[in-house]
Amino acid sequence: MPNASSWSASSPLLLLWEDSSGTRIFLSLLYAVLAISGTLSNVMVIYLVFSFKKLQTTSNAFIVNGCAADLSVCALWMPQEAVLGLLPPNSSSLRSAEYRLLRGGLLGLGLTVSLASHLLVAFNRYVLITKLPSVYQALYQRRHTGCMIGLSWALALLPVPLLPGLWTLGSAQSDGSSRYTALLLALAVLGQTALLLHCYLGIVRRVRGSAKRVSVLNFHLLHQLPFPAAPPPPRRAQRRLSSVSVLLLCCVFLLGTQPLVWVSLLGFFLRPAPPALQAASWLLLCSLSALNPLLYTWRSEEFRRAARSV
C-alpha cells in the first residue's frame with residue numbers, strides 16, 4: 001500500500017488521495033448521492049422546460065444548457081468516481097492514461113460549460129433589468145441565443161487537453177505544467193466570478209432603486225428571476241426579498257467556486273495545500289453541478305407549478 005504522498009502523486013483519481021479505505025468509501029458514497037440527486041434534478045429541469053411552453057424562454061434556454069453540462073458531471077463523471085474509489089489503489093484501471101484523459105475531458109467539459117452558463121444567465125438577466133426592452137430584444141434573438149450556447153461548448157473544448165494535469169494538482173512530485181494548469185483554472189474562475197457578481201449586484205441596485213422599472217416590463221423572463229412571483233408582497237418587502245434571493249444565489253456560487261481558486265493560487269505562489277483541503281475544494285466545485293437546478297428554479301412559481309402538475 002503506497003503512502004499518502006505517493007498516492008497523491010500517482011493516483012489518477014481527482015479527490016481520492018487518502019490511503020484510508022474508510023475515507024475513500026465515504027467519498028464514494030458522497031459521490032453516489034451527488035450523482036443520483038444531481039442527475040434527477042437536472043433531468044427534471046430539462047424535461048419541464050421542454051414540456052411546458054411558458055417555461056420556454058431565453059433565460060431558461062441558458063439554464064437548460066447548464067443542466068446539460070451538469071449531466072456530464074453528475075451522470076457520467078461522478079458515478080465513475082464512486083466506483084473507482086472502491087477499487088484497490090494498485091488497480092490497473094486507475095492508472096490507464098487513456099481512461100484518465102476521458103474522465104478529465106468529461107469533467108472539464110461539464111464544469112466549463114456549466115460555469116459559462118452561469119455567466120450567460122446572469123448577463124441575460126442584467127440586460128433584461130437594466131437596459132431598454134428594444135436592446136434586449138435585439139440582443140437575444142433566437143439566432144443570437146443559439147450562437148451564445150454553441151460558443152460556450154466550443155470554448156469548453158479548448159482546455160480539455162489540460163485537465164489530466166490537474167490530477168496531480170498540489171503534489172510534491174507534480175511538474176510545472178500542472179501548476180500552470182491550476183493557475184489558469186483559478187484565473188478563469190476568478191474572472192468569471194467577477195463578471196457574474198457585477199451582473200447580479202447591478203440587478204440588486206436597479207431593483208432596490210426602482211421597483212416600478214421592474215414591474216412595468218411585460219416579459220415572461222421575469223418569472224425566471226430568483227425573485228418572488230405573484231402574489232407580489234408590498235414594494236419595500238419585495239425589494240428586500242429580491243435582494244436577499246440574489247445575494248443568496250451569489251453566496252452559494254462563491255462557496256462552491258472560491259475555495260478551489262484560492263487553493264490553486266496558494267499551490268502556485270507558495271506551497272501546495274494539504275490534500276484534504278484540495279479534496280474539499282474540488283468537491284465543493286463539483287457539487288454545484290447537483291445544486292445548480294435548484295439555484296435557478298426554487299424561487300420561480302412557474303417551475304413550481306409545472307413540477308406540481310407533473
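User: Helices (H or I, at least four residues) and strands (E, at least two) are taken as DSSP runs, numbered from the N terminus. How many helices and strands are there in the protein chain?

Analyst: This is a predicted model in which local features need pLDDT of at least 70 and side-chain atom pairs count only at pLDDT 80 or more, while totals for chains, interfaces and linings use all residues. Residues are numbered from 1 along each chain as its sequence is written, and side-chain values use heavy atoms, with hydrogens and water left out. From the N terminus on, the elements run α-α-α-α-α-α-α-α-α-α-α. The count is eleven helices and zero strands.

User: What percentage of contacts in the protein chain with a separation of 6 or more is between residues 24 or more positions apart?

Analyst: A contact means heavy atoms within 4.5 Å. Among contacts in the protein chain with a separation of 6 or more, the share from residues 24 or more positions apart is 78%.

User: Which residues of the largest nonpolar core touch the most other members?

Analyst: A nonpolar core is a set of buried Ala, Val, Leu, Ile, Met, Phe, Trp, Tyr and Cys residues joined through side-chain atoms within 4.5 Å. The largest such core holds 59 residues, and those touching the most other members are Trp77, Met78, Leu107, Tyr200, Trp282 and Tyr296.

User: Which elements give two or more residues to this core?

Analyst: In soluble globular proteins, nonpolar side chains tend to be buried together. In this model, the elements giving two or more residues to the core are α2 (21–51), α3 (58–84), α4 (97–130), α7 (176–209), α9 (235–269), α10 (275–297) and α11 (301–309).

User: Is Ser281 buried or exposed?

Analyst: Buried means under 20% relative accessible area and exposed over 50%, with partly exposed in between (1.4 Å probe, protein chains only). Ser281 is found in helix α10, and its contacts beyond four places in sequence are Gly256, Pro259, Leu260 and Val263. Because its relative accessible area is 2%, Ser281 is buried.

User: Is Leu29 buried or exposed?

Analyst: Leu29 lies in helix α2. The C-alpha atoms of Leu29 and Ala82 are separated by 6.5 Å, although the two are 53 residues apart along the chain. With a relative accessible area of 55%, Leu29 is exposed.

User: Are α2 and α11 roughly parallel or roughly perpendicular to each other?

Analyst: Axes are lines fitted to C-alpha atoms, for helices over the stretch in contact, and angles run from 0 to 180 degrees between N-to-C directions. Angles under 35 degrees count as roughly parallel, over 145 as roughly antiparallel, 65 to 115 as roughly perpendicular and the rest as oblique. The axes of α2 and α11 are 10 Å apart, at an angle of about 95°. The two helices are therefore roughly perpendicular.

User: Are α3 and α6 roughly parallel or roughly perpendicular to each other?

Analyst: The axes of α3 and helix α6 (residues 142–157) come within 11 Å and cross at roughly 20°. The helices are therefore roughly parallel.
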